[in-house]
Structures are given as C-alpha cells and as structure tokens.
Amino acid sequence: MKKKLLATLMIVAMSASMLAGCGNKAEAPADNAAATDDAAAKDDAAATDDAAAEGEQKLTVWCWDPSFNIYAMETAAEYYKKDHPNVTVEVVETPWDDIQPLITNAASTGEYSQLPDILLMQDNAFQKNAISYPDLFVDLTDSGIDFSQFAAGKLGYSTVGGRNYGVPFDNGAVIACYRTDILEQAGYTIDDLTDITWSRFEEISSDVQAKTGYYLLSERTGEIDLIMMMLQSAGASMFDENGAAVIADNAALKNVVETFNSLVDNNALLLTQQNWDEYIKSFNSGSAAGVINGCWIMGSIQAAEDQAGKWAITNMPKLDGIDGATNYSNNGGSSWAVTTNCKNVELATDFLNSTFCGSVDFYAEILPSSGAIATWAPAAEADVYGEPSEFFSGDAVFKKVVDFSTKTPSNNTGVYYYEARNAVATAITNIQNGGNIDDELANAQATVEAQMQ
C-alpha cells in the first residue's frame with residue numbers, strides 16, 4: 001500500500017539522518033536498499049490488487065425519523081458491513097413530505113439521477129408511485145428475496161400487477177387494546193372481546209359505558225382511519241383490480257359506514273376533537289378505556305406509566321354479514337424500494353435480503369430501542385419477541401402482533417387512495433348530518449372519478 005511505502009521511505013530517511021548526525025559517512029549496502037525498495041513495491045502492488053478486487057462500494061438511502069427508520073437502517077448497515085467491509089451505506093435523513101415531491105419532480109423530468117439507491121416509501125402511497133411512474137422502482141420479484149415470508153396484507157401495498165417492487169419494513173398490524181380494570185368493573189374480561197363481531201363489540205362497549213362511564217373506543221372527528229381498518233379487515237378496497245373506483249356499489253364499505261354510525265349512535269364509540277393530542281389524551285387520561293389502531297399505538301398507550309399492567313391486547317372485531325370478514329387489518333407502515341437510479345442493483349438487493357429479509361438477530365436488536373415490530377415472519381423466532389410485557393398484563397405482545405400481521409387481508413390502494421379517503425370522509429360527515437347513505441357514497445364515487453379524469 002502507498003502508506004506502507006511512505007512509512008518505509010521515512011524510516012530509511014530517518015536512518016540516514018541519524019547516521020549523518022553521528023558523523024558516520026558510511027552508506028547502507030546497495031543490496032539492502034534494493035531489497036527494501038523491492039519489498040515495498042511488492043506490498044504496494046499487492047495492496048492495489050486487493051483494493052481492486054474488493055472495490056469500495058456505496059449505497060445511498062433516504063428515510064425519515066432518526067429514532068425509528070434511520071436507526072433501523074443504520075443498524076442494518078452495521079450488520080451487513082461485518083461480512084462486507086468494503087460496503088458503505090450512507091443514510092440521508094429525508095422527511096416523507098420531501099420525498100414525494102422529489103420523486104414527482106424526477107419522474108416529470110425523466111431525470112432520476114438525483115434519487116438515492118434505496119428509499120423508504122409510505123405504504124399507502126406505494127402503488128400510486130409504482131403505477132404512475134413505472135420506470136421509478138426496480139422490479140424485485142426475481143431478486144432472490146423470499147417474499148412469501150412477509151405478511152400478505154403488508155406485502156400487497158408494494159405489489160403491482162403481481163410483481164414485487166418493495167421490501168416491507170415496519171409492522172402496522174391492527175391491535176385492540178383495553179383496560180382490564182375497567183372491563184372487570186363491568187363484568188368482562190379480555191377474552192370476551194377476542195374473536196368477536198362489531199355487533200357484539202357494540203353491545204359490550206355500550207354496557208361498559210353505561211356501568212363505568214368509559215367508552216371502549218374513541219376516534220377523532222372527521223378522521224376515517226377506523227373506517228379504512230374495518231374495510232381492509234374484510235379484504236375489501238375502494239378500488240378494483242383495474243384501479244377503477246368502487247365506492248357507490250361497495251357492499252363492504254356500506255356495511256362499514258352503517259356499523260360506524262351505529263357505534264356512535266349507541267354510545268359505543270366516542271368521537272373526540274379533531275386533534276391528535278386530544279385523541280391520545282382520551283385513552284391516557286380521558287374517558288376511553290380502549291384503542292383500536294396500528295400496533296405502533298402501543299408507544300402512546302405506555303406513556304401513561306401509572307396504568308402499567310392494566311392493559312391487554314387482542315384482535316379487532318370483524319364485520320357482520322360480510323363474506324371473507326376477518327378480525328385482522330393494518331394501519332400505517334412503510335416499505336423499502338430500490339430506485340432505477342441504483343447503479344448496483346445486485347448489491348442493493350443483497351443488502352436488503354441479508355438484513356430486512358434475512359436476519360433474525362437484526363430484528364431482535366432494533367426491537368427494544370425502536371419498537372420496530374417486523375412483518376418478516378421469521379423475526380418472531382427471536383427470544384425478545386416472546387418476552388412478556390409487564391405493561392400489557394404479562395403478554396408476549398410482539399409475537400402476537402407478528403401473528404396478527406400474517407392473517408391480515410391485502411388492500412388495493414390504487415393511485416387515488418387519498419382522494420378516495422377524502423371523498424368518503426365527506427360522505428360520512430354528510431350522512432351523520434342526515435344525508436342518505438346511498439346518495440352520499442354515490443357522490444363520493446363521482447368526485448373520485450372526476451379527479452381520476
């Protein structure tokens with residue numbers, strides 16, 4: 001190596017200087033000097049050959065949230081570097097609100113060179129980008145990644161036309177959490193709320209509210225996260241497989257809206273103010289003794305430290321009278337995608353396959369610090385996933401969440417998912433104010449179709 005050669009020359013120079021300072025004019029034997037030069041040259045040549053053989057390689061990644069996504073990606077990079085010391089992964093903190101405009105701009109100009117090798121994509125926006133910009137993401141279907149090991153409901157977000165364009169990351173499996181002490185006051189246990197229908201939930205929640213003053217569920221006014229969770233739990237969507245809007249003649253969606261309004265009318269669901277903090281407060285210190293949301297909500301529940309040991313987790317209720325209805329759904333989450341700007345797709349896919357798609361130890365390490373629960377099924381084999389949670393009544397909640405995710409139906413979000421959400425939210429508000437459900441859903445359908453054109 002050049003450093004070795006420089007060091008050798010410095011030693012020789014220092015030796016000569018020392019000899020001169022002592023008044024010794026003798027020179028080093030010519031054959032020794034030649035030998036030193038020859039050895040140094042061989043070292044330099046060998047080092048050059050090694051560097052050429054290995055080659056410094058680099059991957060650039062965009063993602064957000066230092067304590068969650070960035071922490072997970074940087075940990076994955078450390079794991080990969082153990083066996084690939086020549087590979088560097090540069091993680092650039094990039095908010096999602098910046099990623100989407102940057103993608104849109106790159107696609108509109110056809111200039112993808114400013115994009116990273118890998119980026120994090122919100123699940124609900126994945127299909128929109130993959131369909132709208134077919135040259136944006138690398139098709140990973142035949143990359144060697146075993147996609148069968150991921151929960152089908154999660155995998156569906158990054159699947160278009162039967163092809164896989166993303167690697168699922170954080171788990172958004174829906175959980176139902178209830179205060180066991182409040183349930184006990186009303187004569188119920190967590191088992192009474194496991195594997196039930198929404199009609200049964202309404203009976204129990206109304207009874208608990210009457211006896212204790214606590215609701216078993218709250219939702220923000222004007223927010224339809226719960227509506228979307230209920231719809232996906234039945235394997236239904238607002239779009240068909242061809243991307244056409246299915247809102248007006250959607251039996252599952254109509255059932256969901258009717259169920260939601262019935263919960264509100266019968267004191268089984270508390271509508272809070274249109275504010276996230278008020279929503280959290282409703283079950284931390286307010287009048288709700290239950291939560292149904294993505295598993296990431298556990299962090300907010302545990303903020304009320306004085307309630308440790310008083311919460312338990314189970315699955316969500318399922319819709320009555322709908323074929324294919326289940327007690328499982330998803331809300332939130334994101335997936336990794338390789339962009340077509342990546343110059344070394346083989347390296348990028350091997351990196352993802354070795355970490356997010358292939359390391360139980362990796363998932364076990366990031367779980368305690370970040371709460372990033374995997375959707376990669378083998379991760380549940382890690383001991384940490386089976387450890388009991390004192391806060392949630394001693395239950396192995398992480399392992400339970402992974403199990404829930406494997407049972408979640410897939411959901412077709414399409415290109416106009418957010419437009420459809422907004423249209424349905426308006427319809428529900430109008431229905432609650434006296435509007436006809438069929439007319440309002442028809443209006444929502446017309447609104448979305450107009451936007452699609």
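Guide: A contact means heavy atoms within 4.5 Å. In this chain, residues 24 or more positions apart account for 75% of the contacts with a separation of 6 or more. The model is predicted: local features need pLDDT of at least 70, side-chain atom pairs count only at pLDDT 80 or more, and totals for chains, interfaces and linings use all residues. Residues are numbered from 1 along each chain as its sequence is written, and side-chain values use heavy atoms, with hydrogens and water left out.

Helices (H or I, at least four residues) and strands (E, at least two) are DSSP runs, numbered from the N terminus. The chain has 17 helices and 12 strands. Buried means under 20% relative accessible area, exposed over 50%, and partly exposed in between (1.4 Å probe, protein chains only). Of the 453 residues, 50% count as buried.

Next, the core. A nonpolar core is a set of buried Ala, Val, Leu, Ile, Met, Phe, Trp, Tyr and Cys residues joined through side-chain atoms within 4.5 Å. The largest one holds 85 residues, and W336, F356 and Y385 have the most contacts inside it. Helix α3 (residues 66-83) gives the most to this core, 8 residues. A second, separate core has 56 residues, including I204 and F239.

Now the rings. Rings of Phe, Tyr and Trp (its six-membered ring) pair if their centres lie within 6.5 Å; planes under 30 degrees apart count as stacked, over 60 as edge-to-face and the rest as tilted. That rule finds 20 aromatic pairs. Y178 and F201 make a tilted pair, 6.4 Å centre to centre with 40° between the planes. Y178 is in strand β7 (residues 174-179) and F201 in helix α8 (residues 198-212), so the pair ties together parts 23 residues apart in sequence. Y178 counts as buried, at 0% relative accessibility. F201 is buried too, at 0%.

Y328 and F404 are also tilted: 5.5 Å centre to centre, 55° between the planes. Y328 lies in the loop between β11 (311-314) and β12 (334-338) and F404 in helix α15 (residues 397-406), so this pair ties together parts 76 residues apart in sequence. Y328 is buried at 13% relative accessibility. F404 is buried at 7%.

Ring pairs also build a cluster: F68, Y79, F169, W336, F356, F362, Y363 and W376.

Last, charges. A charge sits over a ring if NZ of Lys or CZ of Arg is within 6 Å of the ring centre and within 35 degrees of the ring normal. K82 puts its charged end over the ring of Y79, 4.3 Å from the centre. R179 lies over the face of Y214, 5.9 Å from the ring centre.
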